[in-house]
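Hi everyone, thanks for making time. I'll walk you through one structure today, so let's get it up on the screen.

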Amino acid sequence: MRKSIAPLLLVLALIGGWGAILSGCDTDSKDFVPNAYKSLSAAGTAYDGIMKAAAIAYQHGQLTEAQKDQIVKYGDAFQGAYNIAVAALAEYVALSQSNSSDGDKAVQALSDVAAQLATLQNYATPILNLTGSK
Amino acid sequence: MDAATIAIISEILELALKVGVPAVQKAIAAMGKTEITLADVQALHGLVSAAESYFATAKTTTAAS
């Protein structure tokens, strides 16, 4: 059962993560906060799905130590960017309540999250054999 | 994000929900939100864990078996 779930996690992670992040960057829109929130939620889910799929593959001996170490390295980079983006959005929400907020920091952080997620996805997808059936 | 992409994501998320994936359940709940509070944003930290921790769990399971 676990092995069949891993590709599903990766599929929804890739589609959900990419699509959501691209829609969250217009600070002039009243939808900026909801879109940014949903973008980060999707990105976090995407990362979680990729890492769980990688861990399952590792458990089944389908990853070398070098591959696993590289995925951990990219994962750490993503997690760092993600936490910075969450903090930036939280700061934006807190400041917007006093009508003195600057969305540029949050937008830049979202872009960084997208970049780190793309790096992780580009490396992990072929290794985890997303389209293959095992 | 266009309507077709949203539809695809929705179908996949519904399937994953049936399978019972906690993280996806949280993502589905997040997609339905229109009013975002500071607490909602801060809760995003809980969606991700340290990269090594995913493999540590796998290693523990392997060692135990």
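By buried I mean under 20% relative accessible area, with exposed being over 50% and partly exposed in between, using a 1.4 Å probe and protein chains only.

Some housekeeping before I go on. This is a predicted model, where local features need pLDDT of at least 70, side-chain atom pairs count only at pLDDT 80 or more, and totals for chains, interfaces and linings use all residues. Residues are numbered from 1 along each chain as its sequence is written, chains are lettered from A and ligands numbered from 1 in the order in which they are written, and side-chain values use heavy atoms, with hydrogens and water left out.

Okay, the helix to look at is α2 of chain A, residues 32–59. Helices here are DSSP runs of H or I with at least four residues, strands are runs of E with at least two, and both are numbered from the N terminus. How far apart are the end C-alpha atoms of this helix? They are 40 Å apart, which agrees with the 40 Å that its 28 residues should span at 1.5 Å a residue. That expected span is 1.5 Å times one less than the number of residues.

So is α2(A) out in the open or enclosed? Since 25 of its 28 residues are buried, it is largely enclosed by the rest of the structure. Just after α2(A) comes G61(A), with a positive phi of about 75°.

Now the core. The largest nonpolar core has 46 residues, and those with the most contacts inside it are F32(A), L40(A), V41(B) and F55(B). Which helix gives the most to this core? That's α2(A), with 15 residues. At least two residues each come from α2, α3 and α4 of chain A and from α4 of chain B. A nonpolar core, for the record, is a set of buried Ala, Val, Leu, Ile, Met, Phe, Trp, Tyr and Cys residues joined through side-chain atoms within 4.5 Å.

On to the aromatics. There are 6 aromatic pairs over all chains. Rings of Phe, Tyr and Trp (its six-membered ring) pair if their centres lie within 6.5 Å; planes under 30 degrees apart count as stacked, over 60 as edge-to-face and the rest as tilted. One of the pairs is Y47(A) with Y54(B), edge-to-face at 5.8 Å centre to centre and 80° between the planes. Y47(A) sits in helix α2 of chain A and Y54(B) in helix α4 of chain B, residues 51–64, so this pair joins two chains. Y47(A) and Y54(B) are both buried.

Back to the two residues I opened with. The ring centres of Y58(A) and F55(B) are 5.5 Å apart and the planes are at 85°, so this pair is edge-to-face. It joins two chains, because Y58(A) lies in helix α2 of chain A and F55(B) in helix α4 of chain B. There's also an aromatic cluster made of Y47(A), F78(A), Y82(A) and Y54(B).

Y58(A) has a charge over its face as well: K68(A), 5.7 Å from the ring centre. That label requires NZ of Lys or CZ of Arg within 6 Å of the ring centre and within 35 degrees of the ring normal.

A salt bridge here is a side-chain nitrogen of Lys or Arg within 4 Å of a carboxyl oxygen of Asp or Glu. K68(A) forms one with D69(A), at 4.0 Å from N to O. Is K68(A) buried or exposed? It counts as buried, at 4% relative accessibility, while D69(A) is partly exposed at 43%. K68(A), D69(A) and E52(B) are linked in a salt-bridge network.

In chain A there's also K105(A) with E91(A), whose closest N and O atoms are 2.9 Å apart.

Last stop, chain B: it has 4 helices and 0 strands. Of its 65 residues, 29% are buried. It has a salt bridge too, K33(B) to D40(B) at 3.5 Å from N to O. K33(B) is partly exposed at 27%, and D40(B) is buried at 15%.
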